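Student: I have a chain to go through with you. I want to know what stands behind each label.

Tutor: Good. Ask about the labels one at a time.

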Amino acid sequence: MKPITLLSALAWALAAATGAAHADGLTSSQLGLVVNDDEPNSVAIAELYRVAHEIPAKNIAHVRIPNKPHRLTPAAFEELKKTSTASCRPRCAPR
């Protein structure tokens, strides 16, 4: 299995969250964001997105991905996904 690029994963997650919010009628309080606290751009973009979509700060899942990797293995991505979704539930709708 090929590694997942961080940019691809972020783009997919944002597209899925935005599309799900409109298609399923989810409210901003049901959406969540995953933020890499080790990457200043991730923190800044997440805050802009959170404010623009009125997502509560409590719906932000913070992760740490050190050393600015350009790729994550599927196993590493799954571990981050598990951690970030667990910290957001039940406030965020699982997708």
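Student: Where is Glu39 found, and why is Glu39 called buried or exposed?

Tutor: Glu39 is found in the loop between E2 and H2. Helices (H or I, at least four residues) and strands (E, at least two) are DSSP runs, numbered from the N terminus. Glu39 has a relative accessibility of 16%. Buried means under 20% relative accessible area, exposed over 50%, and partly exposed in between (1.4 Å probe, protein chains only). So Glu39 counts as buried.

Student: How far is Glu39 from Arg64?

Tutor: Their C-alpha atoms are separated by 8.3 Å, and the two residues are 25 residues apart along the chain. This is a predicted model, where local features need pLDDT of at least 70, side-chain atom pairs count only at pLDDT 80 or more, and totals for chains, interfaces and linings use all residues. Residues are numbered from 1 along each chain as its sequence is written, and side-chain values use heavy atoms, with hydrogens and water left out.

Student: What makes Asp38 and Arg64 a salt bridge?

Tutor: The closest N and O atoms of the pair are 3.2 Å apart. A salt bridge is a side-chain nitrogen of Lys or Arg within 4 Å of a carboxyl oxygen of Asp or Glu. The pair meets that definition, so the name applies.

Student: Which parts of the chain does the pair link?

Tutor: Distant ones. Asp38 sits in the loop between E2 and H2, and Arg64 in the loop between strand E3 (60-63) and strand E4 (71-72). They are 26 residues apart.

Student: How many salt bridges are found in the whole structure?

Tutor: Two. Glu47 and Arg50 also meet in a salt bridge, at 2.9 Å from N to O. That value lies within the cut-off, so the label holds.

Student: Why are Glu47 and Arg50 said to be separated by about one helical turn?

Tutor: Because they are three residues apart in helix H2.

Student: What else is the contact between Arg50 and Glu47 called?

Tutor: A polar contact, again at 2.9 Å between the side chains. The term covers a pair of N or O atoms within 3.5 Å; within protein, one must be able to donate a hydrogen and the other to accept it, and residues adjacent in sequence count only if both atoms are side-chain atoms.

Student: How do you know which of these two is buried and which is partly exposed?

Tutor: Glu47 has a relative accessible area of 36%, so Glu47 is partly exposed. Arg50 has 18%, so Arg50 is buried.

Student: Which residues does Arg50 contact, leaving aside neighbours within four places in sequence?

Tutor: Leu33, Ile55, Pro56, Ala57 and Ile60. Contact means heavy atoms within 4.5 Å.

Student: What makes a nonpolar core, and which residues make up the largest nonpolar core here?

Tutor: A nonpolar core is a set of buried Ala, Val, Leu, Ile, Met, Phe, Trp, Tyr and Cys residues joined through side-chain atoms within 4.5 Å. The largest has eight residues: Leu26, Leu31, Leu33, Val35, Ala46, Tyr49, Ile55 and Ile60. Strand E2 (33-36) and helix H2 (40-52) are the elements that give two or more residues to this core.

Student: How do you know whether Ala46 is buried or exposed?

Tutor: Ala46 has 8% relative accessibility, so Ala46 counts as buried. Ala46 lies in helix H2. Ala46 and Ile60 are 14 residues apart in sequence and 8.5 Å apart in space, C-alpha to C-alpha.

Student: Where does Val43 lie, and what makes Val43 buried or partly exposed?

Tutor: Val43 lies in helix H2. Its relative accessible area is 37%, so Val43 is partly exposed. Val43 touches Val35, Asn36 and Asp37, not counting residues up to four places away in sequence.
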